Amino acid sequence: MGCCESAERTKREWKPLEDRSCTDLPWFLLFTLFLVGMCGICGFTIATGGAARLVFGYDSYGNTCGQRNEPIEGVRLSGLDHLDRNFVFFLDPCNIDIIQRKIKSMALCVSQCPTEELATYYDLKRFAMMNGSELCSYELPGHKYPQLPERFEKCPKLPVPESKALPVFNRCTPVDISCYAKFAEAVVTFVSDNSMLNRLIAGVAASKEIIVGLCLLALVLSMILMVIIRYISAVLVWILTAMVVLGSLGGTSVLWWLYIDYRMTMNETMSKDLRETEEPNGGMKPTKDHAQGLLIYAVSATVFTGILLLLMLFMRKRVALTIALFHVAGKVFIHLPLLALQPFCTFLALSLFWVYWIMVLLFLGTTGNPEKNEDTGLVEFRLTGGLQYMTWYHAVGLIWISEFILACQQMTVAGAVVTYYFTRDKTKLPVTPILSSVLRLVRYHLGTVAKGSFIITLVKIPRLILMYIHNQLKGKENACARCMLKACICCLWCLEKCLNYLNQNAYAATAINSTSFCTSARDAFMILVENALRVATINTVGDFVLFLGKILIVSCTAFAGVLALNYQRDYTEWVLPLIIVCLFAFLVAHCFLSIFEIVVDVLFLCFAIDTKYNNGTPGREFYMDKALMEFVENSRRSMAMEERGRSKRARPKEEAPGTSSA
């Protein structure tokens, strides 16, 4: 079942939906063992108290709050009984290390957080006597707080702010968040010193209602586009082409009109009363910035429109070839409407796994052997020896399992589309083809998905490591090293994209013929190579048309944003709200159209297999839809006409030498 099999058949006999069997079973067992290891890490953190220390908290002597503790060798005041002390209290909660992102203060387990501000040591004594919650170190008796000389080092910094326990993690946190002013000082200083950034953030705050409305508009437009794809796919290509061109031209024209109108208004104002517009603090500068900002927007839109028109000019003939494939894809969504919900299911699965992964990572942060920090005197828990590799194992699990979930989505969609394509009588389709595809995946092909996702993981990990090295050495490495790092990162990124495309086709081949991953990848690669021209026309142009759909949604949302923000007349503050809205619109459109893109790619592979092994004669009938059948017939006619044209042009050249020799 590996890539080096020698017993495979030399000629693949494609038998769609037949001979179903388990594929890549060793990889399924390997992935299962890996999952057991991931669960083992979680169990280890729970068994060794890491989870309890994270949830219940622990003091600076290694004692877990709310539990009986075992003494730690060499650490005084460890092994205390804290059953009645359920909350973690920091003597100086505002002492935060910005670099390490941790509180450097001593922590104690207390029975109650201070419910009011305590300004003096007598207030600390009164709070300890009344509530039984001692806020100084354990060896100091509460009734002697005001007289003890150790109170300056081992009691909380005065005044003690009013605190409230967090709902789950039982940490006493100050109610007044101004306590953390030091932590935010760097950010506040940066924002206050940067006037442009301050204006941009102010623009976002002033336009938050408009931003929310435009994001909802992008969601509605994406849903409308999916409806258009399903029901009028035959004219979708030309509608998208016309609307994108008109939208780009219209948006560019509006921007130039706004720029010219603003310039004329500014000139008229300056000619009437120049002194009124000039202010002592440079009031003319914002007016020039507004005009310059509009000019930059207009020029950028003009360049974008010009590039788009050139692309449309060169792609106009190839765009027509995708109409038949899009028509069939629209029928697939009509028969399998639940395909549109696949991105949401995948997002839900990824979200649940990421929440679990982050939770275990936090557990690992409080797991390990207790060590006393010689600088601070506080106890910290650290993984030592072979245990420290659990963090790396956990990091690899993040990548592999995430890729596995994405691959399961691709295999599920491929299985449903293959079932639709190779079922001649569409009335005999399963009641729930997607559920049937999921069941086949779980029963037969989890090993194939695990193997394909592991290959992507092997490429992604070195790229992420190189990106980390590049960020750490930023500004320190020479130009040659920086260029080499970027080149390696780019090559690995390209390799990852190519493998992703090949994996997707390998999953489709597995869904068709129930072969192992490497066999399916080889067969799919050979099919794609034999149909290289069709790959360049149908598949690429299909992706281009879907890209046009995304651009259409982004352009319409941006155009609506220009009109809405123009009402405020704050041109310099447009950029950040527009960027936020356009990014959200593109992400929403990508989520809706990504499944359609997978369907188009799987249909193309099925179409290529169908045309290779069938010719329409009795016994070898095509599986394809009528729209694709018409496309095949038109292609045959075009090829026949081209061959006749070549033969006519070749005849005079063949007759010319004979005439001269005579």
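Leaving aside neighbours within four places in sequence, Tyr-421 is in contact (heavy atoms within 4.5 Å) with Lys-426, Leu-603, Cys-606, Phe-607, Asp-610, Tyr-623, Met-624 and Leu-628. This is a predicted model, in which local features need pLDDT of at least 70 and side-chain atom pairs count only at pLDDT 80 or more, while totals for chains, interfaces and linings use all residues. Residues are numbered from 1 along each chain as its sequence is written, and side-chain values use heavy atoms, with hydrogens and water left out.

**Overall architecture**

- The protein has 19 helices and 8 strands, taken as DSSP runs numbered from the N terminus (helices H or I of at least four residues, strands E of at least two).
- Of the 662 residues in the protein, 42% are buried, where buried means under 20% relative accessible area, exposed means over 50%, and partly exposed lies in between (1.4 Å probe, protein chains only).
- Among contacts with a separation of 6 or more, 70% are between residues 24 or more positions apart.
- The accessible surface comes to about 35700 Å², of which 66% belongs to carbon and sulfur atoms; accessible areas come from the Shrake-Rupley method with a 1.4 Å probe, and for residues only the protein chains shown count as cover.

**Nonpolar cores**

- The largest nonpolar core has 81 residues, of which Val-332, Leu-339, Tyr-421, Val-599, Val-602, Leu-603 and Leu-628 touch the most other members; such a core is a set of buried Ala, Val, Leu, Ile, Met, Phe, Trp, Tyr and Cys residues joined through side-chain atoms within 4.5 Å.
- Helix α18 (residues 575-613) gives the most to this core, contributing 18 residues.
- Another core lies apart from the largest one and has 28 residues, among them Val-88, Ala-128, Leu-135 and Leu-140.

**Aromatic pairs and charges over rings**

- Across the whole structure, 13 aromatic pairs are found, a pair being rings of Phe, Tyr or Trp (its six-membered ring) with centres within 6.5 Å, where planes under 30 degrees apart count as stacked, over 60 as edge-to-face and the rest as tilted.
- The pair of Phe-31 and Trp-400 is edge-to-face, because the ring centres are 5.1 Å apart and the planes stand at 70 degrees.
- Phe-31 lies in helix α1 (residues 25-47) and Trp-400 in helix α13 (residues 389-421), so this pair ties together parts that are 369 residues apart in sequence.
- Phe-31 is buried at a relative accessible area of 6%, and Trp-400 is likewise buried, at 3%.
- Phe-34 also pairs with Trp-400, with centres 4.9 Å apart and planes at 50 degrees, so this pair is tilted; Phe-34 is itself buried, with a relative accessible area of 10%.
- One aromatic cluster is formed by Trp-27, Phe-31, Phe-34, Tyr-393, Trp-400, Phe-404 and Phe-454.
- The charged end of Arg-424 sits over the ring of Tyr-623, 3.9 Å from its centre, and Arg-151 lies over the face of Tyr-121, at 5.4 Å from the ring centre; the criterion is NZ of Lys or CZ of Arg within 6 Å of the ring centre and within 35 degrees of the ring normal.

**Disulfides and other cysteines**

- The structure contains 3 disulfides, each defined as a pair of cysteine sulfur atoms within 2.5 Å.
- Cys-65 is joined to Cys-109 with an S to S distance of 2.0 Å, and this link is left-handed, with -85 degrees about the S-S bond.
- Cys-65 lies in the loop between α2 (50-56) and β1 (87-90) and Cys-109 in strand β4 (residues 107-110), so the pair ties together parts that are 44 residues apart in sequence.
- The sulfur atoms of Cys-113 and Cys-172 are 1.9 Å apart, and the torsion about their S-S bond is about -75 degrees, so this disulfide is left-handed.
- Cys-113 is in the loop between β4 and α3 (121-131) and Cys-172 in strand β6 (residues 172-174), 59 residues apart.
- Cys-136 is joined to Cys-155 at 2.0 Å from S to S, in a link that is right-handed, with 115 degrees about the S-S bond.
- Cys-136 is buried at 0% relative accessible area, as is Cys-155 at 5%.
- Cys-488 is in no disulfide, the nearest cysteine sulfur, that of Cys-491, being 6.6 Å away, and Cys-488 is partly exposed at 38% relative accessibility.
- The sulfur of Cys-490 is 4.2 Å from the closest cysteine sulfur, in Cys-494, which is too far for a bond.
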